[in-house]
Amino acid sequence: MFIRAYLRASTTDQDADRARADLERFAADRGLRIAGRYVENESGVKLDRPELFRLLSDCEPGDVLNRSIGSAG
């Protein structure tokens with residue numbers, strides 16, 4: 001089983017990478033491997049999210065999708 005992590009923030013003022021350490025800890029605690037990280041700063045309102053669509057096309061049966069959405073602060 002692979003983890004594919006989608007980390008997104010809505011604006012360039014926010015940090016989509018902020019959850020990376022938590023994600024790596026989650027995987028390590030469960031003995032799982034992170035197969036891919038998909039990071040972007042795009043509004044959730046827009047459908048133009050290339051990393052999201054790359055994630056979806058890379059997925060295989062049994063993969064875990066882990067989504068983190070950045071917020072201000």
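Arginine 37 has a relative accessible area of 31% and therefore counts as partly exposed, a class that lies between buried (under 20% relative accessible area) and exposed (over 50%), with a 1.4 Å probe and protein chains only. The model is a predicted one, in which local features need pLDDT of at least 70 and side-chain atom pairs count only at pLDDT 80 or more, while totals for chains, interfaces and linings use all residues. Residues are numbered from 1 along each chain as its sequence is written, and side-chain values use heavy atoms, with hydrogens and water left out.

The side chain of arginine 37 meets that of glutamate 24 in a salt bridge, at 3.2 Å from N to O. This pair links distant parts of the chain, 13 residues apart, with arginine 37 in strand E2 (residues 33-41) and glutamate 24 in helix H1. Helices (H or I, at least four residues) and strands (E, at least two) are DSSP runs, numbered from the N terminus. Glutamate 24 is itself partly exposed, at a relative accessible area of 35%.

A salt bridge is taken here as a side-chain nitrogen of Lys or Arg within 4 Å of a carboxyl oxygen of Asp or Glu, and the count by this rule is 4. As a friendly reminder, side chains of opposite charge can pair when their charged atoms come close.

Helix H1 (residues 20-29) also holds aspartate 22 and arginine 25, which are separated by about one helical turn because they are 3 residues apart. These two form a salt bridge whose closest N and O atoms are 2.5 Å apart. Both partners are partly exposed, aspartate 22 at 48% relative accessibility and arginine 25 at 46%.

Turning to helix H2, aspartate 58 and arginine 54 both lie there, 4 residues apart, or about one turn of the helix. Their side chains meet in a salt bridge of 3.9 Å, N to O. Glu51 joins Arg54 and Asp58 in a network of salt bridges. Aspartate 58 is partly exposed at 30% relative accessibility, as is arginine 54 at 36%.

Helix H2 (residues 50-58) contains leucine 56 as well, which is partly exposed at 46% relative accessibility. On the surface, Leu56 forms a nonpolar patch with Leu47, Phe53 and Leu65, and together they have about 430 Å² of accessible area. Areas come from the Shrake-Rupley method with a 1.4 Å probe, and for residues only the protein chains shown count as cover. Patches are made of residues with over 30% relative accessible area and no salt bridge, joining like charges within 9 Å and nonpolar side chains (Val, Leu, Ile, Met, Phe, Trp, Tyr) within 5 Å.
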